[in-house]
Amino acid sequence: MKERFGVEVDRVSGPRRTIDLRSDTVTKPTRAMYERMVSAPLGDDGLDGDPTVRELENLAARIVGKQSGLFVPSCSMANLIAVLACSPRNSQVLLESGSHMCSAERGGATLAGCFYLPIEGVKGEMDLDRLETALQGNSSRIPTAMIGMETSHNNAGGVALPLHHMRQVRDLGRQYGAHVHLDGARMFNAAVALGLEPRELAACCDSVSLCLSKGLSAPFGALLMGEMAMIEKARSFRRFLGGQLRQAGVMAAAGIEALVTMPGRLVQDHDRARHLADLLAKGAPMLECHWPQTNILMVDVSRSGWTAEQWTKSLAEAGLLVRPWRENRVRCVVHRHIDDKIIVEAADIFRKASQKLAC
Ligand SMILES: *Cc1c(COP(=O)(O)O)cnc(C)c1O
């Protein structure tokens, strides 16, 4: 395959290639993305607008069935802007305790002046009794402005929240007057796993964020979608955070290509994650894997005698990159650069490492 623009597209090379299962964020842009980037009409997004950014925002809003969209540099920023736009100071934001917003992004509370309250849950689903108790606010006297859900749920091993759970959370939000936000960084993975349209998931919330630079393979960017009035407010918070970009159409162009072409292939990543789980169950039975619903496979190493750190190091020496997840899990994420053959190779590296342990 001829290379264009001095970049390597669709291929990982080298004498002994490293298999990178650390995250789907490592995916490189496709050739079609680069081509769209080169020919995209551009403007100044902070002055009179960038036509390609506008096209991406409208496309994303249409896909999730919301009035408006806002292009932002990252999904963390999309979630933070949602909090800023919908939660007044001294209000409470309720989040599932293992969610990305509650762990990796909770520093946002210091900017928003809100209190992030974790709600315990199972498989990414908040316990609804605890959620309702928090909404009643009898003990804290702090009003809840926002409830946040996450799907697919990263920490829970990429599970897609069941639609009936999402509807129950939406109904509780309506009953108590709280805005319901969905951290949908990987919402396309969730929609594919459930056999639903993204808009059916988005219908369970007032606003939704999504990440272009994970399984969808764009090099950059995320989106926040919601009602027009909310997104106008969000737009001013984006400027306030320094997230207003100029000829951002260069990056939005890759995002458009991602939204149009990438969701349809995610099912392959899910199938391959299940294939990897299968091969590990056969080849390295000391490891315990859950059955992956999407592209994230959590491997429990508790029974092996090695910690997750030790596994990560040993696998890396053999050319397989994964990430330790707390003490006893390693996380493997399947993405566009991982084909069937690489899955077999990865399983083999796990098998050899476990044999080394056994003797
Ligand atoms: C990756 C991720 C984010 C943050 O996305 P960035 O674009 O890296 O800021 C937020 N939420 C979830 C669930 C994620 O997996």
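Reply: Helix H1 passes helix H10 in a right-handed crossing. Please note that the model is predicted.

Me: Which residues of H1 and H10 make the contact?

Reply: H1 contributes Ala32, Met33, Arg36 and Met37, while H10 contributes Val250, Ala253, Ala254, Ile256, Glu257 and Ala258. By class, the contact of H1 with H10 comprises 8 nonpolar residues, no polar ones and 2 charged ones.

Me: At roughly what angle do the axes of H1 and H10 cross?

Reply: The axes of H1 (residues 31–39) and H10 (residues 249–261) cross at roughly 140° and come within 8 Å. Angles over 145 degrees would count as roughly antiparallel, so the angle makes H1 oblique to H10.

Me: And H7 with H11, what is the angle there?

Reply: H7 packs against helix H11 (residues 266–283) at about 75°, and their axes are 9 Å apart. The range for roughly perpendicular is 65 to 115 degrees, and H7 and H11 are therefore roughly perpendicular to each other.

Me: Which residues meet in that pair, H7 and H11?

Reply: Phe188, Asn189, Val192 and Ala193 of H7 meet Leu266, Val267 and His270 of H11. The contact of H7 with H11 holds 5 nonpolar and 2 polar residues, with no charged residues.

Me: Changing topic: how many cavities of 30 Å³ or more does the structure hold?

Reply: There is 1 cavity of 30 Å³ or more, and the largest cavity contains about 60 Å³ of space.

Me: What lines the largest cavity?

Reply: The lining consists of Gly184, Ala185, Arg186, Met187, Phe188, Asn189, Leu210, Cys211, Lys214, Gly215, Leu216 and Leu266. Helix H7 (187–194) and strand E9 (207–211) are the elements that give two or more residues to this lining. H7 supplies the largest share, 3 residues. Phe188, Asn189 and Leu266 belong to the lining and also take part in the contact of H7 with H11.

Me: How does that lining divide into nonpolar, polar and charged residues?

Reply: The lining of the largest cavity has 7 nonpolar, 3 polar and 2 charged residues.

Me: Now the backbone. Where is the cis peptide bond?

Reply: The cis peptide bond joins Thr151 and Ser152, with omega about -10°. Ser152 is in the loop between strand E7 (144–150) and helix H6 (163–176). As background, most peptide bonds are trans.

Me: What is phi of Asn90?

Reply: Phi of Asn90 is near 70°, a positive value in a residue other than glycine. Asn90 is placed in the loop between helix H3 (75–86) and strand E3 (92–96). In general, most residues other than glycine have a negative phi.

Definitions and conventions. Residues numbered from 1 in each chain as written. Predicted model: local features only at pLDDT ≥ 70, side-chain atom pairs only at ≥ 80, totals over all residues. Heavy atoms only, no water. 1 Å grid on protein atoms, 1.4 Å probe; cavity = no way out; pocket = protein on both sides within 12 Å on 5 of 7 lines; lining within 4 Å. Points joined across faces, edges and corners; volume = space filled by probe spheres on them. Helix = DSSP H or I, 4+ residues; strand = E, 2+ residues; numbered from the N terminus. Nonpolar A, V, L, I, M, F, W, Y, C, P; charged D, E, K, R; others polar. Axes fitted to C-alpha atoms, helices over the stretch in contact; angles between N-to-C directions. Parallel < 35°, antiparallel > 145°, perpendicular 65-115°, else oblique. Left-handed = near helix turned anticlockwise from the far one by under 90°. Contact = heavy atoms within 4.5 Å.
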